[in-house]
Amino acid sequence: MDDWDDDEPIKLTTVTFVGTASCTPTDDTDTACFLINGHVLVDCGWAAALTMLSRPEYDATMLTHVLLTHCHQDHYMGLASVLFYRAMQSARIESDRPLIVAGPAEDVERIVDLTLAFIMAERLGERCPRPEILPLSAGDGLRAGELDIQTAATRHPVPSLAYRFLDMDTGVAVGITGDTAYMPELARFFSGVDLLVTEGSTGLTDPPQERAAGHQSIRQAAMLAKAAGAETLTIVHTDMRRREEFERVAGEIFPGVHVPWPGEQCNPEDRSVEDY
Ligand SMILES: [Zn+2]
Ligand SMILES: [Zn+2]
């Protein structure tokens, strides 16, 4: 396993679909969460530290950042597994830098504090240092190695952020919406991304925009990708058992669509997808 080298810049070369399910894990996948080059985890599923191990080259000791799109349980519960795993494997963490946990300003500090309390971090001592908390509001940006990361608000019952990642070396861009009702206005934020990762929670049912309960359909996901001029679309946080049907329906609107398997890895630069 490669260890994270402090001097090694974070490169945006791979997006690993650690979990892909909506709200509740199924027998083959955790809830939606993604790993960018093994170091930046976007959302935590129910048990990200466990599900990350489905790929032998990664584990939670390699993380530099955890970015939460929002603080619904299916997106943050696995933070406990990440922090406890890192405590149990602390001897293998070479970096002195604390893990950075970023997320919506309204909730992120509370979630980190509750998680530390839940795992009784005080009993773990210095093996479980407090993460550095980075509260974000829509429009805020941050840097992670070579990645420039921008944020935008999504429409969801709790404060919620979409992220756009730009590799400043290669110009490769990846967008991740997290949970959201259909928001055509996000097309500008995601304009020209190489890979758009978005949700399709309501499947083939298209919620009307004005009455949407914070989620979008497969077709709406495809419409967003088309309007943004994305190169590739992956749809997650949906009924993954209907993968083929959803790819066919979304493909009528946006041909470059893929519903990923858990553990799959996508290289946005050459658009290759590696099954695992
Ligand atoms: Zn969710
Ligand atoms: Zn949610």
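The structure is a predicted model, in which local features need pLDDT of at least 70, side-chain atom pairs count only at pLDDT 80 or more, and totals for chains, interfaces and linings use all residues. Residues are numbered from 1 along each chain as its sequence is written, chains are lettered from A and ligands numbered from 1 in the order in which they are written, and side-chain values use heavy atoms, with hydrogens and water left out.

**Overall form**

- The chain has eight helices and 15 strands; helices (H or I, at least four residues) and strands (E, at least two) are DSSP runs, numbered from the N terminus.
- Along the principal axes, the C-alpha atoms fill a box of roughly 55 × 35 × 35 Å.
- Of the 276 residues in the chain, 57% are buried (buried means under 20% relative accessible area, exposed over 50%, partly exposed in between, with a 1.4 Å probe and protein chains only).
- Among contacts (heavy atoms within 4.5 Å) with a separation of 6 or more, 61% join residues 24 or more positions apart.
- The accessible surface is about 11,600 Å², and carbon and sulfur atoms hold 50% of it; areas come from the Shrake-Rupley method with a 1.4 Å probe, and for residues only the protein chains shown count as cover.

**Cavity and pocket**

- On a 1 Å grid over the protein atoms alone, a cavity is a set of points where a 1.4 Å probe fits but cannot get out, and a pocket is an open set with protein on both sides within 12 Å along at least five of seven lines; lining residues have an atom within 4 Å of a point.
- Grid points are joined across faces, edges and corners, and a volume is the space filled by probe spheres set on the points.
- A search of the whole structure finds one cavity of 30 Å³ or more, and the largest cavity has a volume of about 60 Å³.
- Its lining has 13 residues, with A32, F34, G178, D179 and V236 nearest the centre.
- Strand β11 (residues 195-199) gives the largest share of that lining, three residues.
- The cavity lining has five nonpolar, five polar and three charged residues; Ala, Val, Leu, Ile, Met, Phe, Trp, Tyr, Cys and Pro count as nonpolar, Asp, Glu, Lys and Arg as charged, and the others, Gly among them, as polar.
- The largest pocket has a volume of about 250 Å³ and is lined by 17 residues, of which R86, I93, R97, R127 and P129 lie nearest its centre.
- The pocket lining divides into eight nonpolar, two polar and seven charged residues.

**Helices α3 and α8**

- Seven of the 10 residues of helix α3 (residues 79-88) are buried: L79, A80, V82, L83, Y85, R86 and A87.
- E244 sits in helix α8 (residues 243-251) and is exposed, at 69% relative accessible area.

**Positive phi angles**

- Most residues other than glycine have a negative phi.
- C23 has a positive phi, near 65°; C23 lies in the loop between β1 (15-19) and β2 (33-36) and is partly exposed at 37% relative accessibility.
- M120 also has a positive phi, about 50°; M120 lies in the loop between α4 (108-118) and α5 (121-124) and counts as partly exposed at 35% relative accessibility.
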